[in-house]
Number of protein chains: 2
Amino acid sequence: MALRIKDVAQAAGVSVTTVSRVLSNNGPVRDSVRERVQAAMQELGYRPNAAARRLRSGDTATIGLVVSDVRNPFFTEVSRAVEDMAYRQGMRVILCNTDENPEKEAMYLRLMEEERVTGMIYSPTRDAAERFRAEHYPFPVVMIDRADAASHADAVTLDNRAAAERLTLHLLERGHRCIFGLFGNASTTGRERHAGYCDAMQRHGLGADAVFVEPQPAGAQQAVGARLAARGGAPVPDAILASNGLLLLGAFRALREARQTPAPGLHGAPGHPPAAPALCGFDNDAWTELVEPGITVIAQPVYEIGRCAMTLLSERIAQPDIPRRTRVLPGELIVRGSSTGIVA
Amino acid sequence: MALRIKDVAQAAGVSVTTVSRVLSNNGPVRDSVRERVQAAMQELGYRPNAAARRLRSGDTATIGLVVSDVRNPFFTEVSRAVEDMAYRQGMRVILCNTDENPEKEAMYLRLMEEERVTGMIYSPTRDAAERFRAEHYPFPVVMIDRADAASHADAVTLDNRAAAERLTLHLLERGHRCIFGLFGNASTTGRERHAGYCDAMQRHGLGADAVFVEPQPAGAQQAVGARLAARGGAPVPDAILASNGLLLLGAFRALREARQTPAPGLHGAPGHPPAAPALCGFDNDAWTELVEPGITVIAQPVYEIGRCAMTLLSERIAQPDIPRRTRVLPGELIVRGSSTGIVA
DNA sequence: TTGAAAGCGCTAACAA
DNA sequence: TTGTTAGCGCTTTCAA
């Protein structure tokens, strides 16, 4: 095995206690002794055993981060934020991808307990969110992206309802009337955004025309394709709104597939052919700026969400008994050509 | 504190050893006893303490994954592959982002030692790669993306030289002659791809016209912008080749900025205005397929690279003394409109 | 300011 | 098939 604290103690001619004090920089040690110990550690190439420290001290200095999939740019960025903050505080991060799969999720929650994580940042699937009770867990939990008062967990979310309303109103202001909405069915987020969309439509005396789908591009693509191809009574939408980055991607593909550039526009004026529907959605993912015309989106302050979650978590770790807190961050509307017809 | 194995033992009326045997599913236990123990665990909600198990067993069941930045889609996907494989084998993953910063990198390598990781998957910066010696570390190391024989570490890489040559030949076949190359200066990968590019140019009796830049979009954008604006002798490039996804993005932005759609084409035929340069590069990142025309790229088998790295690592953990192995995976040329003028 | 010794929760000899 | 017991490497009383 590797070197132990005892080896360092012998080399430096002190007790293990003293070495431990130098290691954790805690407790009185004469400067000359400290230097001697540090020199011994350096020379021997000693590395303290993290598992032993955790076991003995009871402090794992570990944050659990449970999300659906890091490949979703939203979570990629959140995980970077969380990791930056955590490592800066001398904490590790255990990252788990549930793939919206309840069994995986249950397994990882169990893992969090076995690891005795100091705290967890958690983005539950819809079903799990409804059942989750923070008080059943022996560590603090901060929810991100999705929140639920009954969970009794701190949370940081977007102001989903307001952002969706804002986005819908933007389309209505541009003259669109028949706005087809795509919402994710796996989280509370999708429902909140749906509510905001409905609010805006209602305020203009318009009915909702929306579906809930799996939060994957394929399902969204199919739904949009079907909606565009629908015969019979339903009028063709003149705008499409997708409630997250994955759905937006699917919608974009469907429009392209239909050989309709997602260019903006109203129904054709007399003498002009009808234009393709406008497109907008949530999440300022890289591609939305790169395609032409760019896609109008609600940008989430993604890094900030991760940072904020870590801050809430740290504060609760320090003071476990403060009342539940929720941070609601605003989304930012970024208007691009896909909803205005103005190609930058 | 939480429940201990002793509590389970008491509840089930057996010794701690028996509980341990049930836990690790290892050692003889009568079926009826096993069931009784499992029932007790279930009822009490017992969770074994991971730190204690690791300390005692000496097996941390932990993989270290050290990359530059998970936000780079290449590493996002690699990390998913590694995590999928690892968790399936009951191992955890510790993910570290070095940001190509030598100090962070050194800190994380130290962390790997303190965690007593079972093995490490490592994408070193160029400078670190030259100095790294696997035999100085007490655990097996598999390098990804970047490799160096002197490191004595197993490695899985792309066939960089062949892929770059292939991509360059593709441009040459389409009639391009003045091909400006952008290569990353932070890794051996950039140099290998540069060599492949030079091979292809030389074979056609052409000189290289390339620069090495920081592997960030901003630097690439600037370099391409400068090259396009160059006055004096240097002819305007009729094609641009970028050696990774970040550089490709920068080049794309530069072309757009120059109000030149990255549309393909040769120098203008008589009577036609000169077309914008062709664009191609490495990494089949999502946006390259979404922009129009799509970008011609070398697709790396990214998930497979991660999977393969975990396989090599597992095998070396099982047999530490087998000779060093290198897996070289082929890249796949995906031809899109940016190099052919055929807009799908 | 230092050291001796107990013990964190678990696993693995060894004994029965 | 089961139990007793000695540590894994560290931190933390407690006493000096």
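In chain A, an open sheet of mixed pairing is built from six strands in the order E7-E6-E8-E9-E10-E12. The model is predicted: local features need pLDDT of at least 70, and side-chain atom pairs count only at pLDDT 80 or more, while totals for chains, interfaces and linings use all residues. Residues are numbered from 1 along each chain as its sequence is written, chains are lettered from A and ligands numbered from 1 in the order in which they are written, and side-chain values use heavy atoms, without hydrogens and water. Helices (H or I, at least four residues) and strands (E, at least two) are DSSP runs, numbered from the N terminus; two strands pair if DSSP finds at least two bridges between them.

Strands E7 (210–213) and E12 (332–334) of chain A each have a single partner strand, so one side of each has no neighbour in the sheet. Neighbouring strands of this sheet are turned by 15° against each other on average, direction ignored. Within the sheet, strand E6 (residues 179–184) of chain A runs parallel to strand E8 (residues 239–242) of chain A, and four bridges join them. A:Phe180 has A:Ile240 in E8(A) as its bridge partner.

Helix H11 (residues 245–257) of chain A packs on the sheet and touches E6, E7, E8, E9 and E10 of chain A (contact means heavy atoms within 4.5 Å). Its direction makes about 165° with that of E9(A); axes are lines fitted to C-alpha atoms, for helices over the stretch in contact, and angles run from 0 to 180 degrees between N-to-C directions. Helix H8 (residues 160–173) of chain A lies across E6, E8, E9, E10 and E12 of chain A, at about 170° to E9(A).

The largest nonpolar core has 51 residues, of which A:Val156 and B:Val156 touch the most other members. Such a core is a set of buried Ala, Val, Leu, Ile, Met, Phe, Trp, Tyr and Cys residues joined through side-chain atoms within 4.5 Å, where buried means under 20% relative accessible area (1.4 Å probe, protein chains only). A second, separate core of 46 residues includes A:Phe180 and B:Ala223.

Polar side-chain atoms of A:Arg56 and B:Arg21 each lie 2.7 Å from a base oxygen of DNA strand D.

Conventions
Buried < 20%, exposed > 50% of the residue type's maximum accessible area, 1.4 Å probe, protein only. Polar contact = N/O pair within 3.5 Å; in protein donor to acceptor, adjacent residues only side chain to side chain.
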